Amino acid sequence: MTAAAHFTDCGLPGVRQIPYGVHMCSFYDGREELAATLAPYFAAGLRNRERCIWVTAPPLSADAAPAALRCVGVDVDAALASGALVVRDFSDWYAANGSLRGKDVANLWLAEEARALADGHEGLRITGNVTFLAPRDWPHFMEYEALIEQAFHGRRIVTLCTYSRHQCSGAEILDVASRHSCTLDRPDEGWQLLTAGG
Amino acid sequence: MRALMQKRPYPVHSWRELLGAPPAATHLLQLYDDPAFLGNAVAHFAAEGLALGEAVLLTGTPAHLAGIQAALGGLGVDRGAAERQGRLELRDVQAAVPAVCTAGRLDRERFVARTREALEPLRSRGTAVRWWGEMSNTLHAGGDAEGALDSEALANGVARDYGATIFCSFECDRFDAGGYAAMERMCRVHSHVIPADDYARLRLAVNRAVADVVGELRGSLLQSLSSWKGMACELPSSQALLFWLREALPESFDAVLARARFYHGQQDAAQAA
């Protein structure tokens with residue numbers, strides 16, 4: 001395996017290669033900004049022959065996500081038919097997998113990674129949007145994020161967790177940023193990766 | 001990016017878990033403005049240690065030790081039995097200060113010698129040693145701020161030799177900008193910081209204050225916050241946010257603290273009602 005195989009294309013203008021195992025976060029305002037982030041992210045994943053799993057939540061539903069992908073030139077029907085792309089609403093996804101939390105969910109993703117590799121994919125690319133979280137669940141979810149940060153390190157998984165700005169005040173931004181490898185930020189037309197300590 | 005993957009996340013749980021089962025070789029700091037919070041936290045730290053078969057040394061002012069003893073009683077700890085077994089020892093910090101100072105300043109050699117004398121016998125009396133103290137707070141209050149910081153570094157070194165976990169209490173007003181330089185220096189010589197009795201309450205007050213004074217954290221502020229190097233100690237994100245604000249937006253810091261004090265007090269009033 002070459003050194004280049006440890007990296008993959010992020011898909012967002014301004015950010016080129018990202019390492020497998022990276023666990024990124026991003027803060028968005030509204031549905032359009034969310035779609036503008038995730039559609040090119042998954043388009044790059046499909047180009048890189050990764051299995052892409054988009055777990056949706058409001059404001060962008062599983063019904064609306066394919067349209068966002070078509071806008072960036074993805075042949076959604078073919079990707080869905082081949083199993084390269086899976087788009088599921090969070091309620092369906094978690095219902096299908098039981099009421100899993102913490103380590104169980106991390107293990108579920110590791111099993112998905114193994115399946116993707118066994119099916120001939122280069123890796124697994126996933127996203128989760130957490131607008132469904134109730135404030136009382138925040139501490140548990142932050143535990144899960146910390147666990148994921150450890151569990152995915154060195155794996156062939158690329159993760160982007162999206163948080164609504166309206167859900168996050170200053171303390172929550174610090175909670176989230178400290179549990180991810182880096183923060184994706186869009187200061188202008190291009191994107192940049194922010195890491196602690198600059 | 002790799003270095004960041006090893007960073008410590010801001011804790012989201014209460015100080016009770018941390019003080020109940022502190023990670024090995026930790027040096028914990030409590031910021032307090034209410035003696036009742038001090039008494040409850042230290043009693044919890046001591047009670048959990050005693051329950052695990054550890055030896056506990058408490059070095060505080062007579063008033064604080066009295067509060068801690070009362071709180072230990074409330075937790076059902078048989079203090080007399082623990083003292084008879086030699087697993088619980090209480091010492092008066094004010095009596096100890098002259099023994100570790102020369103000309104009113106911390107004497108490093110004397111401090112280390114006294115600390116070793118105190119910890120050595122405890123090592124064989126329990127499965128591990130827990131030590132709570134307020135020597136640095138006492139030195140700081142007495143005007144020896146540098147000695148206070150020195151004592152922390154020295155205590156850390158000695159405690160490591162004895163495998164002891166140290167817990168310190170430092171009196172301060174977390175909503176007073178004037179005290180932040182000292183508070184920040186004190187935090188930086190500890191591994192974990194407990195800034196408040198109720199983390200959720202502090203978070204709510206700080207978030208609301210920042211929103212009022214600064215507005216939404218986006219653009220360059222989000223960049224600054226997301227890429228902030230942090231404090232090199234573990235502390236809840238609400239307190240970390242205040243330290244970041246002091247660095248990033250010093251012109252707004254006083255106003256944010258004033259609003260945070262207001263909101264924190266409002267919650268007090270709501271609870272009282």
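A salt bridge is taken here as a side-chain nitrogen of Lys or Arg within 4 Å of a carboxyl oxygen of Asp or Glu. In this predicted model, a search of the whole structure over all chains finds 28 salt bridges. One of them joins A:Arg125 to A:Glu50, with the closest N and O atoms 2.7 Å apart. This pair links distant parts of the chain, the two residues being 75 residues apart. A:Arg125 lies in strand E6 (residues 124–129) of chain A, whereas A:Glu50 lies in the loop between helix H1 (30–47) and strand E4 (51–56) of chain A.

Salt bridges also occur between chains. Across the interface of chain B and chain A, three are found. At a salt bridge between B:Arg203 and A:Asp175, the N to O distance is 2.6 Å. The interface brings 27 residues of chain B into contact with 37 residues of chain A. About 2,700 Å² is buried between the two chains, and carbon and sulfur atoms give 62% of this area.

Within chain B, helix H11 (residues 199–213) packs against helix H14 (residues 250–272) at an angle of about 135°, and their axes are 8 Å apart. Angles of 65 to 115 degrees count as roughly perpendicular and those over 145 as roughly antiparallel; H11(B) and H14(B) are therefore oblique to each other. Their crossing is right-handed. Residues of H11(B) in the contact include B:Leu202, B:Ala205, B:Arg208 and B:Val213, and those of H14(B) include B:Ala255, B:Arg259, B:Tyr263 and B:Gln267. By class, the contact of H11(B) with H14(B) has 11 nonpolar, five polar and five charged residues.

Note on methods:
Residues numbered from 1 in each chain as written. Chains lettered and ligands numbered in written order. Predicted model: local features only at pLDDT ≥ 70, side-chain atom pairs only at ≥ 80, totals over all residues. Heavy atoms only, no water. Axes fitted to C-alpha atoms, helices over the stretch in contact; angles between N-to-C directions. Helix = DSSP H or I, 4+ residues; strand = E, 2+ residues; numbered from the N terminus. Parallel < 35°, antiparallel > 145°, perpendicular 65-115°, else oblique. Left-handed = near helix turned anticlockwise from the far one by under 90°. Contact = heavy atoms within 4.5 Å. Nonpolar A, V, L, I, M, F, W, Y, C, P; charged D, E, K, R; others polar. Buried area = accessible area lost by both parts, 1.4 Å probe.
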